[in-house]
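I opened my notebook to look up a few things in this structure, one at a time.

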Amino acid sequence: MWRLILIGISIVLQAAHWSRKGIDLLAITILLFLVFLFFKKRWMLNVTGIMLFAGSLEWINTGIKLAQLRMRLGLPFTRLVIILAVVAIFTGWTAYLARSKKLRERFDQDLETSLSSTIAFVTATMILIIAKIKTPLTILLADRFYPGSGWITIFLFAVYGAFAAEKLSGSKSSVWRLRMWLLFSIVFFTQFFLGIAGLKIFMMTGEAHLPVPAMIAAGPIFRAAGFFMPILYLITLFLLGPAWCSHLCYIGGWDNLSSLRKKIPGIFVKDPRMWQGIMLAVLAAGAIILRLFNLPYASILIYGLVWGMTGIFVIVLLSGKNGTMVHCTSYCPIGFLSVLFAKIYPVKLKIEKKKCTLCLDCIPHCRFGALDKDIIRSGFAGFSCTLCGDCIPSCPHDAFRITAFGSQSDNIRKIYLGLLAGIMAVFIATARI
């Protein structure tokens, strides 16, 4: 109990520091960490310790700046340095207490998922703080309605990321993945429609852009400018590989939902790679032709609408009838780029041949067409695998492994899921055009 009391005092001191600097909503956000002390989840103890460690660095930074200021003004600074040094040491010590054996024995829940949840919380927090402080746009919606409230938003979405990591690690991960994927899509399109209805506060830049994944590639080709979305997409590919297609695309969740209308997935085409390659070539050629003929910007919008409406037709009719995500695996050019990049991405889905009995229980759970009997025999998922992970809990023999650079450590999947869940939280926090 005394350890928890000291940690609580350290949190209050940190909040008081930010309140004194006039950032009251950040101070309130810091105080929210006190709530974590009443639960027994290990990740909550972990992130509280990380926050306190960062707080000790902030005390040191503040002490140095104030000492330099007093030196320039010719004022005494020794007492100030001593006081802030003591506070910094105390805060660092309480961060160390959060790692103590006694507290770790108390916070003994969710031990299997604590690493993933901790990484998710920290990932979401760091990315959203950078987005809030460094970007010229007001990224967080809460800040647009009430300046400064973005700090609380960051905390809440980081908690959501930790929750997502926990659910993605469980036996019902496929159910939760689809739920969270669709939630992101609903939030995204709700804000999009509010924006085009006239409420521009819901637009990222105040201007509408067509929410069709193919336009991520076609738009910049047509304009020879506007590379924000392609850059964001490439960064996501670099961090998560093809998982963009199974967790973050604002269209793909509906394709996944439609495919579940049929219990057993079928084979739409024998070689979806060829069809996706053709779609990518057609997309690029169309954008180039529109640019060469110097057609107005409205032409690319019409082009995008045709792609989008065709995609809806594919999702509703073909995916639902076939049981496979036809839009994502055979039609979408961005999906093709994602799985193509997966060939050089170090994280892979491996099937342990020693454990696999070829029972084929996993095949009905793969809606991306990445598993069949021959592929399973090879020991690795097929070309269209997006690391969705639905096959992992479906295997009764625990034969599936997420590997990185050849390592099959269980921590690889935990780290990957933590990073994935954290970025999922970032996407839903910034789900605007």
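**Entry 1: helix 15 with helix 18**

I looked up the handedness of the crossing of helix 15 and helix 18, and it is left-handed. I kept in mind that I am reading a predicted model. Next I noted the residues that make this contact: helix 15 brings Arg273, Gln276, Gly277, Met279, Leu280 and Leu283, while helix 18 brings Pro333, Gly335, Phe336, Leu337 and Val339. I sorted these residues by kind and found 7 nonpolar, 3 polar and 1 charged.

Then I turned to the geometry. A pair of packed helices is described by the angle between the axes and the distance between them. Helix 15 covers residues 272-292 and helix 18 covers residues 333-341; I have their angle at about 120° and their axes 8 Å apart. Angles of 65 to 115 degrees would count as roughly perpendicular and those over 145 as roughly antiparallel, so helix 15 and helix 18 are oblique to each other.

**Entry 2: helix 12 with helix 18**

Which residues of helix 12 meet helix 18? I found Tyr233, Leu237 and Phe238 on the helix 12 side, facing Ile334, Leu337, Ser338 and Phe341 of helix 18. This contact divides into 6 nonpolar residues, 1 polar and no charged. Helix 12 runs over residues 228-240, and its axis comes within 10 Å of that of helix 18, crossing at roughly 35°. I wrote this crossing down as right-handed.

I also spotted Leu337 in both of my lists for helix 18: it takes part in the contact with helix 15 and in the one with helix 12.

**Entry 3: helix 11**

How many residues of helix 11 are buried? I have 7 of the 9 in residues 215-223, so helix 11 is largely enclosed by the rest of the structure. The buried ones are Met215, Ile216, Ala217, Ala218, Gly219, Pro220 and Phe222. I checked what they pack against and listed helix 12, helix 13 (244-248), helix 15, helix 16 (297-322) and helix 18.

**Entry 4: serine 394**

Last, I moved to a loop. Serine 394 sits between helix 19 (373-378) and strand 2 (400-404). Is serine 394 buried or exposed? Its relative accessible area is 15%, and buried means under 20%, so I marked serine 394 as buried. Its side chain reaches the backbone oxygen of cysteine 391 at 2.6 Å. Leaving out residues up to four places away in sequence, I noted that serine 394 touches Asp361, Cys362 and His365.

Technical notes
Residues numbered from 1 in each chain as written. Predicted model: local features only at pLDDT ≥ 70, side-chain atom pairs only at ≥ 80, totals over all residues. Heavy atoms only, no water. Axes fitted to C-alpha atoms, helices over the stretch in contact; angles between N-to-C directions. Helix = DSSP H or I, 4+ residues; strand = E, 2+ residues; numbered from the N terminus. Parallel < 35°, antiparallel > 145°, perpendicular 65-115°, else oblique. Left-handed = near helix turned anticlockwise from the far one by under 90°. Contact = heavy atoms within 4.5 Å. Nonpolar A, V, L, I, M, F, W, Y, C, P; charged D, E, K, R; others polar. Buried < 20%, exposed > 50% of the residue type's maximum accessible area, 1.4 Å probe, protein only. Polar contact = N/O pair within 3.5 Å; in protein donor to acceptor, adjacent residues only side chain to side chain.
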